[in-house]
Amino acid sequence: MKHQINIAQRLGAARGFQHAVDPLDPEQGLTQLAEAEARRAAEWESVLLVGDAETIGAARKWHEAVWNVELYARGLKDDLAGWERAVRQMSRARDDFYALARRDLGISGPPPPSGNWPRVWQQQDETG
């Protein structure tokens with residue numbers, strides 16, 4: 001998933017969306033995105049094998065959130081506010097999945113800090 005997200009955000013940067021860096025040529029990026037999706041689909045079987053129903057449900061919501069961001073990356077959606085909402089939703093869905101996956105794996109303690117966008121340092125930069 002992380003590789004897919006990275007490619008989608010780089011494609012978003014090439015399309016001029018905020019809070020995305022390191023633009024990637026759309027033609028090259030779309031090929032990479034398809035390859036990353038194929039890898040995700042194959043690795044998904046491991047989650048299905050070991051995750052409980054709630055964790056699998058959270059993973060599916062994360063997948064759907066990533067696919068929504070990919071619609072912007074592919075140029076099928078283009079409004080800036082929608083991109084921002086989609087990236088925030090993707091971050092929330094990832095956080096929800098991580099919390100449940102950690103529980104399934106018996107890892108105690110809080111999940112890693114959220115990676116919500118834009119990052120605090122980006123917000124500070126924008127507000128002056």
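Author: Start with the cut-off: an angle over 145 degrees between two axes counts as roughly antiparallel. The model is predicted. Now take α3 and α4. They pack at an angle of about 155°. Angles over 145 degrees count as roughly antiparallel, so α3 and α4 are roughly antiparallel to each other. Their axes lie 8 Å apart. The crossing of the two helices is left-handed. Look next at the residues in this contact. By class, the contact of α3 with α4 has 17 nonpolar residues, four polar ones and six charged ones.

How far can this be trusted? Confidence in the protein chain is highest in α3, at a mean pLDDT of 97. It is lowest in helix α5, residues 120-127, at a mean of 59. Where pLDDT is low, the predicted coordinates should not be read in detail. Over the protein chain the mean is 89, and 89% of the residues reach 70 or more.

The lining has 15 residues, and M1, K2, R40, E43 and W62 lie nearest the centre. α1 (2-14), α2 (26-50), α3 (53-73) and α4 (80-104) each give two or more residues to this lining. The largest share, six residues, comes from α2. By class, the lining divides into eight nonpolar, three polar and four charged residues.

How values were computed: Residues numbered from 1 in each chain as written. Predicted model: local features only at pLDDT ≥ 70, side-chain atom pairs only at ≥ 80, totals over all residues. Heavy atoms only, no water. 1 Å grid on protein atoms, 1.4 Å probe; cavity = no way out; pocket = protein on both sides within 12 Å on 5 of 7 lines; lining within 4 Å. Helix = DSSP H or I, 4+ residues; strand = E, 2+ residues; numbered from the N terminus. Nonpolar A, V, L, I, M, F, W, Y, C, P; charged D, E, K, R; others polar. Axes fitted to C-alpha atoms, helices over the stretch in contact; angles between N-to-C directions. Parallel < 35°, antiparallel > 145°, perpendicular 65-115°, else oblique. Left-handed = near helix turned anticlockwise from the far one by under 90°. pLDDT = per-residue confidence, 0-100.
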